[in-house]
Amino acid sequence: MSTGRADRALSVALVTHYFPAHHGGVERVAGEIAARLAASGAATICWHASDVDPPPAETPGLRCIAAASCNAAERLLGFPYPLWSPRALARVARAAREADVVHLHDCVYLANVVAALAARLKGRPVVVTQHVGRIPYRNPLLRAGAAVATRLLGKLVLGGAAQAVFVSDTVLQEFQRFVRFRRPPLRIANGVDETAFHPLEGPARRELRRSLAGASDVPLLAFAGRFVEKKGLHLVRQLAAALPGVRWLFAGWGPLDPSRWGLANVSLRGNLARGELAQLYQAADLLVLPSVGEGFPLVVQEAMACGTPALVGDETAAAAPEAAGLLLHEPLGRHDDAERWRARIEALLAAPGTLAGLRPRVAAFAREAWSWERAVQRYAQILREAAGDA
């Protein structure tokens with residue numbers, strides 16, 4: 001009987017900057033893929049991430065290692081870049097050398113770079129899922145530093161990977177301009193958990209809107225994500241102030257806290273669990289997310305799966321060409337952003353049939369286009385082929 005890799009579960013060293021309890025899209029996607037791979041028996045996964053948040057409960061085939069780290073950059077600057085201790089970096093390097101294959105999410109984090117280099121020195125294959133591109137921070141020093149790091153580490157980590165996977169077209173096109181890939185990069189869209197994120201209509205939705213906003217007939221707009229610059233919080237604040245007759249519900253956390261804006265039409269729901277986040281999407285008339293530099297955010301997919309249309313920047317809309325015609329979008333980075341986005345929202349709310357008519361269409365599209373089962377099957381194949389080639 002053969003005892004080769006094809007006859008047993010792959011040993012995978014998984015590295016992310018945070019665990020899913022941090023509620024960022026990257027770590028939530030990593031958690032979905034890891035949990036489903038382990039449950040299928042395709043892989044046994046040792047997941048390394050910073051100890052900023054508690055790790056998920058371990059299950060058969062999935063073990064979690066919390067790395068001692070300092071998260072001051074995110075607390076003080078809104079820049080999610082935890083720095084791991086030397087001991088934690090040594091441990092993740094050892095794990096990379098011992099695994100059949102290493103799976104990294106994004107290329108710029110120090111622990112991911114260390115794991116990639118350790119794997120390369122030992123001849124272990126590396127698969128990288130790249131979620132975001134260069135972020136155009138308003139601070140010129142931070143913007144320049146992020147651009148240099150993205151370019152250099154993109155060449156090093158993505159260029160040395162056995163396989164690079166991108167979750168959006170715009171990020172793939174950005175890295176193709178300066179990375180020489182060992183094999184053609186792939187695009188795999190993230191999936192959506194349909195058991196949690198699904199439409200709610202009729203009396204049940206009206207009652208949910210009353211419980212969240214105090215009335216079922218008040219326009220209800222939602223924002224979900226970390227309260228940091230790249231999510232467009234400065235623009236959302238201007239919109240909330242300019243539209244006092246609209247109720248705004250915020251889910252998330254971060255230094256740019258909407259509860260400090262002093263606006264009576266803003267409600268902060270905090271860092272919501274999956275079921276509570278689904279209720280926010282189900283109740284809302286529109287998700288507003290003027291984010292930049294992050295490909296195609298998972299929250300947009302989840303909102304659409306709940307039947308809620310999304311208003312995003314042109315860059316985000318271009319990241320998912322398969323959703324063209326269903327994503328509402330406006331340019332970003334112009335001097336009149338606030339005026340144009342306010343006018344667009346007012347026009348949508350003045351013709352409620354437009355948003356209501358989109359609800360069944362976006363829900364049906366999300367259900368058909370974004371499947372975790374299909375995505376994880378592709379990842380299992382990619383990891384197996386990378387290990388086999390090595």
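Arg 209 pairs up with Asp 285 in a salt bridge, the closest N and O atoms sitting 3.2 Å apart (the rule: a side-chain nitrogen of Lys or Arg within 4 Å of a carboxyl oxygen of Asp or Glu). This is a predicted model, where local features need pLDDT of at least 70, side-chain atom pairs count only at pLDDT 80 or more, and totals for chains, interfaces and linings use all residues. Residues are numbered from 1 along each chain as its sequence is written, and side-chain values use heavy atoms, leaving out hydrogens and water.

**Exercise 1.** Work out which parts the Arg 209 and Asp 285 pair ties together, and whether each residue is buried or exposed.

*Solution.* 
- Step 1: Arg 209 lies in helix 7, while Asp 285 is in the loop between helix 9 (274-283) and strand 13 (286-289), so the pair links parts 76 residues apart in sequence. Helices (H or I, at least four residues) and strands (E, at least two) are DSSP runs, numbered from the N terminus.
- Step 2: Arg 209 is buried at 6% relative accessibility, and Asp 285 is buried at 17%. The cut-offs: buried is under 20% relative accessible area, exposed over 50%, partly exposed in between (1.4 Å probe, protein chains only).
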